[in-house]
Amino acid sequence: MTFNTDLPIIAGNWKMNGLNQSKKEIGSLLKKITNISKSNVILFPPFTIIETFAKLTENSGIFIGAQDCHHEDYGAYTSAISASMISDVNAKFVIVGHSETRTANNYTNNIIRLKAEAAHRNNLIPIVCVGESDLHRKSGDQFNFVKAQLEESLPQSTTRDNTIIAYEPIWAIGTGNTAATKDIVEMVNCIFSKLNSMKSNKKDIPRCLYGGSVNPSNSRDILSIENIGGLLVGGASLDSSQFSEIINLI
Ligand code: PEP
């Protein structure tokens with residue numbers, strides 16, 4: 001089972017949800033998906049069940065990833081999980097720089113870049129999250145803020161094949177306040193013009209997902225936005241009916 005860089009990506013971030021018993025959700029999800037070969041479906045369960053989920057989904061068309069990684073591969077970092085450990089249990093992706101982990105740990109863009117580099121070193125594809133707060137948007141600073149995040153969080157080694165970006169406005173995450181199409185279009189254009197200025201080769205420009213209160217009713221419109229390569233879904237990915245409905249729209 002290989003990641004197909006030409007297909008849309010539908011990623012589900014379970015955050016701090018999921019126990020061993022949640023493995024039955026994988027069976028229900030697989031039963032409800034009618035078009036598994038039309039997209040790359042990636043689930044991000046908590047660390048404790050990554051290995052179980054990776055075994056359960058082997059060759060099913062669903063990939064498994066982790067929600068964060070440390071920037072070093074091993075060492076005296078109590079409680080931390082490295083990209084090498086994640087790779088060791090057959091996960092293929094890792095989210096870095098999700099706004100919830102950035103805020104909780106005061107992560108700088110520099111740390112996010114080191115995490116993305118650790119992912120590359122260990123054959124994981126990082127989803128690098130960027131997105132402005134309500135305050136930045138209200139002060140009209142959203143574009144400069146996201147451009148600086150891209151400049152400082154993306155490793156030199158970034159290519160379309162080894163990295164994914166997710167634009168997740170913080171005010172849209174878990175609030176039910178999905179960004180308006182116009183706002184997504186403006187920001188995605190800004191992201192791609194910044195990426196074009198950073199990369200001389202088109203093959204090095206990663207794809208961009210949208211995340212922030214995505215659900216079955218708004219996903220079709222968001223997916224039809226030019227240059228949106230897929231969706232990063234939080235809350236709605238916990239429900240196999242809603243998540244499969246989003247996947248089946250592709
Ligand atoms: C997320 O956690 O990345 C997210 C976008 O959450 P939600 O879909 O619940 O807003």
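1. Which element gives the most to the lining of the largest pocket? Helix α4 does, with four residues. Note that this is a predicted model.

2. The largest pocket holds about 620 Å³ of space. Its lining has 24 residues, and F47, D68, T101, N105 and Y107 are the closest to the centre. By class, the lining of the largest pocket divides into eleven nonpolar, nine polar and four charged residues.

3. The second largest pocket has a volume of about 290 Å³. It is lined by 16 residues. Nearest its centre lie M1, A54, E58, N90 and K92. Both α2 (50-57) and β3 (62-66) supply at least two lining residues. The largest share comes from α2, with four residues. Eight residues of this lining are nonpolar, four are polar and four are charged.

4. Now helix α10, residues 240-248. Its buried residues are S240, F243, S244, I246 and I247. They share one side of α10, because they cover an arc of only 155° around the axis. An α-helix has 3.6 residues a turn, so residues three or four places apart point the same way.

5. What do the buried residues of α10 pack against? The partners are the strands β1 (9-13), β2 (40-44) and β8 (228-233), plus the helices α1 (23-32) and α9 (219-223).

6. The N-terminal end of α10 is capped by D239. One of its side-chain oxygens lies 2.8 Å from the backbone nitrogen of S241.

Key: Residues are numbered from 1 along each chain as its sequence is written. This is a predicted model: local features need pLDDT of at least 70, side-chain atom pairs count only at pLDDT 80 or more; totals for chains, interfaces and linings use all residues. Side-chain values use heavy atoms; hydrogens and water are left out. Buried means under 20% relative accessible area, exposed over 50%, partly exposed in between (1.4 Å probe, protein chains only). The arc is that of the directions from the helix axis to the C-beta atoms. Contact means heavy atoms within 4.5 Å. A polar contact is a pair of N or O atoms within 3.5 Å; within protein, one must be able to donate a hydrogen and the other to accept it, and residues adjacent in sequence count only if both atoms are side-chain atoms. On a 1 Å grid over the protein atoms alone, a cavity is a set of points where a 1.4 Å probe fits but cannot get out, and a pocket is an open set with protein on both sides within 12 Å along at least five of seven lines; lining residues have an atom within 4 Å of a point. Grid points are joined across faces, edges and corners, and a volume is the space filled by probe spheres set on the points. Ala, Val, Leu, Ile, Met, Phe, Trp, Tyr, Cys and Pro count as nonpolar, Asp, Glu, Lys and Arg as charged, and the others, Gly among them, as polar.
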